[in-house]
Amino acid sequence: GIQTPLPNVPSIALGAANVSPLEMASAYGTLATGGEHFPPITITKVNDRNNVVIFKVKPRGTRVLKPEVARAVTDVLKGVISGGTARRANIGRPAAGKTGTSQNYRDVWFVGYTPQLVTSVWVGHMTERPVYVNGSHAFGGTVAAPIWASYMKRALAEEKKLDFPRAGKPTYNPSKFHIPVSKPPSVTGMSLSSASAKLKGYGFTVQYAWSTKPKDTVLSQSFKNGKLELVVSKGPEPVKPKPPVVVPPPGGGDTTTTPIP
């Protein structure tokens, strides 16, 4: 439901782009319907002078989210109202939504929905400046959420109290969700510290072996079944002392031992 171009930056998850209240209502409506997006419609029907319906729109939705994904998000957003930042949006019936407060309190939001109706509330100034209410900074949960609740109670007064379908337990297929692991770069001949820096992001194990190479030099590496193993030098193997040679003394008597030079 979002038509505004969104920048490809990490902070977009926090709302680093201007989006209209209409687009927000359209997007949250996709969650309310279980993952089907219905474009906003201004005129739903037309009656003639005799009050006969001569045109009635037939909404057509497009599946854009899997039902289990939309339902899982709704389960999370229900908690925003039942025990989160939007407790003032509690209208006595199942509902879900999200508060929002922009930098320096310039915009405050609450977008929420029930199975029958979605409403987006924005409070701010046409020229950007902080929003104050009774001398205090405004927040989505303290200003926009009560407005939403007041409207929704009246709009849904004659509607049944319906609940959202619960999200089913997700199924996990290891082969379907397998993430291929790229072959790590070669670090043979490097020091272990330099190799570790180059292999940042890869998990690996280390085996040590005696070698003529300097201590902590990577001698070899192997990569099998997604597991990387490095063989690292412990340095030259210490010279073991040779066993003493028994030399019988001249003329007999006790033997003496003499190390081999």
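Okay, ground rules. What you see is a predicted model, where local features need pLDDT of at least 70, side-chain atom pairs count only at pLDDT 80 or more, and totals for chains, interfaces and linings use all residues. Residues are numbered from 1 along each chain as its sequence is written, and side-chain values use heavy atoms, leaving out hydrogens and water.

The overview, then. The chain has 4 helices and 14 strands; those are DSSP runs numbered from the N terminus, with helices being H or I of at least four residues and strands E of at least two. Of its 261 residues, 25% count as buried. Buried here means under 20% relative accessible area, exposed means over 50%, and partly exposed is in between, using a 1.4 Å probe and protein chains only.

Now to H1, which covers residues 21-32. From first C-alpha to last it reaches 16 Å, close to the 16 Å expected at 1.5 Å a residue, where the expected span is 1.5 Å times one less than the number of residues. So how enclosed is H1 by the rest of the structure? Largely, because 9 of its 12 residues are buried. Among them are Met24, Ser26, Tyr28 and Leu31. What do the buried residues of H1 pack against? Helix H2 (67-83), plus strands S1 (36-37), S5 (96-101), S6 (107-113) and S7 (118-124). And just after H1, glycine 34 takes a positive phi of about 80 degrees.

Histidine 37 is buried, at 14% relative accessible area. Its side chain is joined to that of serine 26 by a polar contact of 2.8 Å. A polar contact is a pair of N or O atoms within 3.5 Å; within protein, one must be able to donate a hydrogen and the other to accept it, and residues adjacent in sequence count only if both atoms are side-chain atoms. Setting aside neighbours within four places in sequence, histidine 37 is also in contact with residues including Gly1, Thr30, Arg60 and Val64, contact being heavy atoms within 4.5 Å.

Last stop: serine 150, in helix H3 (residues 140-155). Serine 150 is partly exposed, with a relative accessible area of 40%.
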